[in-house]
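Thanks for making the time this morning.

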Amino acid sequence: MQRIGVFVCWCGSNIAGTVDVKAVAQALGHEPGVVFSTDYQYMCSQAGQDMIKEAVAEHRLTGIVVCSCSPRMHEATFRKTAQAAGLNPYMVEIANIREQCSWVHKDMPVGTEKAIILGKAAVAKVHLNAPLTPGESPVTKRALVIGGGIAGIQTALDIADAGFKVDIVEKKPTIGGKMAQLDKTFPTLDCAACILTPKMVDAAQHENIRIFSYSEVHEVKGFVGNFDVTIKKHARFVKEDICTGCGACVEKCPMKKIPNEFNLGMDNRPAIYIPFAQAVPKVATVDPNHCNMLKNGKCGLCARVCTAGAIDYTQKDEYIEEKYGAIVVATGFNPISMDKFDEFAYNQSKDVITSLEFERLTNAAGPTAGKLIRPSDGKHPHTIVFVQCVGSRCEACAQKGKEYCSKICCMYTAKHAMLVRDKYPDTEVYVFYIDVRTPGKNFDEFYRRAVEEYGVKYIKGMVGKVTPDESGVLKVQASDLLDNKQLHIDADLVVLAAAIEPDKSARPLATMLTASMDTNDFFTEAHPKLRPVESPTAGVFLSGACQGPKDIPETVSQAGAAAAKVIGLLAKDRLKGNPCVASSNELMCNGCSSCANVCPYGAITYEEKEFRMPDRTTAIRRVAKVNPAVCQGCGCCTVACPSGAMDLNGFKNDQIMAEVDAICK
């Protein structure tokens, strides 16, 4: 017979405001097996934990029920308390009477009744609990960073500086990400390349970092501390270890009219190319979709002019298998497509561009060598209209845009407006906005400079329509909400602050990692406040805009935080596993494979076992076998098993049914 202690937490007024905690403690004190029941204002505090330890010793408790907040918050806390008191930590049950009770009820009698029922269910389960012992597994001292933007680079550098090996996988031919395409950064207006390029070089030269550029993660297996990852390295048709990046092949290639992705199609590149001058690695890449030699066997000029002999038309995609102890996701973002926003004439006029295209126009290494021109005719624009929140913060446009705020648009538009007015004082600049959001350090001062010092005309209102006329002028129709009037502006250039969204690779990658995502395809953190850089999947961490819209300072901060978590993990030689894993009753298992088919972690295999029959003959049967190091205790197999052979330690069928019976009484 169990000797159970019940501890009811007030959680300040979070629980006590709508639950009579003393009545709950008194009612649960009369449950079978309960020998001690009490309440306290803050059970998770040191005083509350000391109270539990003293009760365990004084009343010789064999099980504990804590009626408090969600077990996601403090289950580990109370398990450590029980262990310190000499109890097995898995003899602790949490009855969630905050999120599932007090926070959803306003009537105290109703809330109190429900809290008592939840407490009774926890007591019933403790009666059937059994001590569990976690297993251990070794830790592979190497980390994988998926994404080579500023988030991935900073994360890799911090981990590598701590003495651990790191691999960066970047799907493009060079690392650098979106920051490599920027001209200046807010609020300091310093050169983006001047900040980023040294980081790229540091990553390339660091003895603990390997860069797999032009590569993608193909498959992920395993578990925290022991991930088995297959990386697909695309064929460049150029030998990386030989190529010197001299650019002779790029210069001589006859196929020179391919839209340049790095400049967002605003100029052309050849079929063999180096994305930009500071590319890392600075190695040429052959585009197989446009190379004449690869398509029809005619040309080969790049191979003839390459003095290093680096061109290899026979190169094939390569698959690399590696083990990692931790994985960091840093897949970044992309601006949303403007194809659905016909009201702004983006597909009708070359002079309607996105903010990222504007960055390339003003960049000294861009398609116009930094000269701001109208893309349609190469003339200098004298009137520029910036449109904020295109595809952001609009419930009406949710089907073609995003309902969330993209966070960075207000600041980079202020930056663009200031740069234009500084370099071209004769240019009139209008900014149409819903709200100006400047929450960062010195951000509001930066925005005020744009208005007060540079004379940028901010107008609260939205642009309804942009119409190009025959002369090339963009007729902008907009509303001024403060003056309550309609505006008509003849603009030479319209710049759209497009909403940002996660990279398209995020969703399939999340499936491989069994990581959680929200409805907008951003990766979900384990806890928004207490574990903001950890994925709910153990060993998978989040860095940068893959988790949500962020500017560069916030991205770098999160990269450092993710690196710190990885370092803490890799510093351990062995990890304790979760003992709440599935197990198979071999006598009941019929080998149907239903459990293995639904297991998201690949933890279930099958083996042939010999069984002695009642008539003393032997028979060979196929039975399920669970790898406890891989199993994450999700419980899918227990639901899918038609014979009831699969069960979950700590959440066995009889324990769950005991809770149900206690609730239904």
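Leaving aside residues up to four places away in sequence, Thr354 touches Met338, Tyr346, Val495 and Leu496, where contact means heavy atoms within 4.5 Å. Before I go on, please keep in mind that this is a predicted model, in which local features need pLDDT of at least 70 and side-chain atom pairs count only at pLDDT 80 or more, while totals for chains, interfaces and linings use all residues. Residues are numbered from 1 along each chain as its sequence is written, and side-chain values use heavy atoms, with hydrogens and water left out.

Thr354 lies in strand β20; strands (E, at least two residues) and helices (H or I, at least four residues) are DSSP runs, numbered from the N terminus. Is Thr354 buried or exposed? Thr354 counts as buried because its relative accessible area is 8%, on a scale where buried means under 20% relative accessible area, exposed means over 50% and partly exposed lies in between, with a 1.4 Å probe and protein chains only.

Two of those contacts, Val495 and Leu496, bring us to β27. This strand is mostly covered, with 6 of its 6 residues buried. Leu493, Val495 and Ala497 point one way from β27, whereas Val494, Leu496 and Ala498 point the other way, and all are buried. Strands β20 and β27 run parallel and are joined by 3 bridges, and Ile353 has Val495 as its bridge partner in β27. Strand β21 also pairs with β27 in the parallel sense, over 5 bridges, with Val494 in β27 as the bridge partner of Val385. When I say that two strands pair, I mean that DSSP finds at least two bridges between them.

Which sheet do these pairings belong to? The order is β20-β27-β21-β22-β23, an open sheet of 5 strands with parallel pairing. At its edges stand β20 (352-354) and β23 (457-460), each of which pairs on one side only. From one strand to the next the twist averages 25°, and for angles of this kind the axes are lines fitted to C-alpha atoms, for helices over the stretch in contact, with angles running from 0 to 180 degrees between N-to-C directions. Within the sheet, β21 (residues 383-390) and β22 (residues 428-433) pair in the parallel sense over 5 bridges. There, Thr383 stands opposite Glu428 in β22. Packed on the sheet is helix α11 (residues 409-423), which touches β21, β22, β23 and β27 (493-498), and whose direction makes about 175° with that of β21.

The order β24-β25-β26 describes an open sheet of 3 strands, with antiparallel pairing. Since β24 (463-468) and β26 (485-491) stand at the edges with a single partner strand each, one side of each is left without a neighbour in the sheet. The twist here averages 20° from one strand to the next. Strand β24 runs antiparallel to β25 (residues 474-480), with 5 bridges joining them, and Lys475 in β25 is the bridge partner of Thr467.

Let me turn to charge. Side chains of opposite charge can pair when their charged atoms come close. How many salt bridges does the structure hold? The count is 37, taking a salt bridge as a side-chain nitrogen of Lys or Arg within 4 Å of a carboxyl oxygen of Asp or Glu.

One of them joins the side chains of Arg142 and Asp167, at 3.1 Å from N to O. That pair links distant parts of the chain, with Arg142 in strand β6 (residues 142-146) and Asp167 in strand β7 (residues 165-169), 25 residues apart. Arg142 counts as buried because its relative accessibility is 18%, and Asp167 is buried too, at 0%. Arg142, Asp167, Arg210 and Glu322 are linked in a network of salt bridges.

Another salt bridge, at 2.8 Å from N to O, joins the side chains of Lys171 and Asp503. Lys171 sits in the loop between β7 and β8 (184-185), and Asp503 in the loop between β28 (500-502) and α13 (506-513), 332 residues apart. Lys171 is partly exposed at 35% relative accessibility, whereas Asp503 is buried at 9%.
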